[in-house]
Amino acid sequence: MLLECCFESKADILISSDRDLLDIEVLPFPLKILNPRKFLEQRGK
């Protein structure tokens, strides 16, 4: 359901600590799934 919400809202990034979500490598739509630390690291660039 969460991924459906991301798809419908055309989200670019999902920030989560959920291992199952972070382990997803391929989605049928463009979405980056990052843990909070990775998000902050990329945001600082």
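**Close-ups of a predicted model**

Phe 7 is partly exposed, at a relative accessible area of 46% (buried is under 20%, exposed over 50%, partly exposed in between, with a 1.4 Å probe and protein chains only). This is a predicted model, where local features need pLDDT of at least 70 and side-chain atom pairs count only at pLDDT 80 or more, while totals for chains, interfaces and linings use all residues. Residues are numbered from 1 along each chain as its sequence is written, and side-chain values use heavy atoms, with hydrogens and water left out.

**View A. Phe 7 meets Phe 29.** Searching the whole structure turns up 1 aromatic pair (ring centres within 6.5 Å; planes under 30 degrees apart are stacked, over 60 edge-to-face, the rest tilted). The ring centres of Phe 7 and Phe 29 sit 5.1 Å apart with planes at 65°, so this one is edge-to-face. It links distant parts of the chain, 22 residues apart: Phe 7 belongs to helix 1 (residues 2–8), and Phe 29 to the loop between helix 2 (19–22) and strand 2 (32–34). Helices (H or I, at least four residues) and strands (E, at least two) are DSSP runs, numbered from the N terminus. Phe 29 is buried, at 14% relative accessibility.

**View B. Arg 19 bridges to Asp 23.** The whole structure has 1 salt bridge (a Lys or Arg side-chain nitrogen within 4 Å of an Asp or Glu carboxyl oxygen). Here the closest N and O atoms of Arg 19 and Asp 23 are 3.3 Å apart. Arg 19 is exposed at 54%, whereas Asp 23 is partly exposed at 48%.

**View C. Phe 39 sits in helix 3 (residues 36–43).** Phe 39 is partly exposed, at 24% relative accessibility. Beyond its neighbours within four places in sequence, Phe 39 touches Ile 13, Ile 15 and Leu 34 (contact: heavy atoms within 4.5 Å).

Terms used
Phe/Tyr/Trp six-rings, centres within 6.5 Å; stacked < 30°, edge-to-face > 60°.
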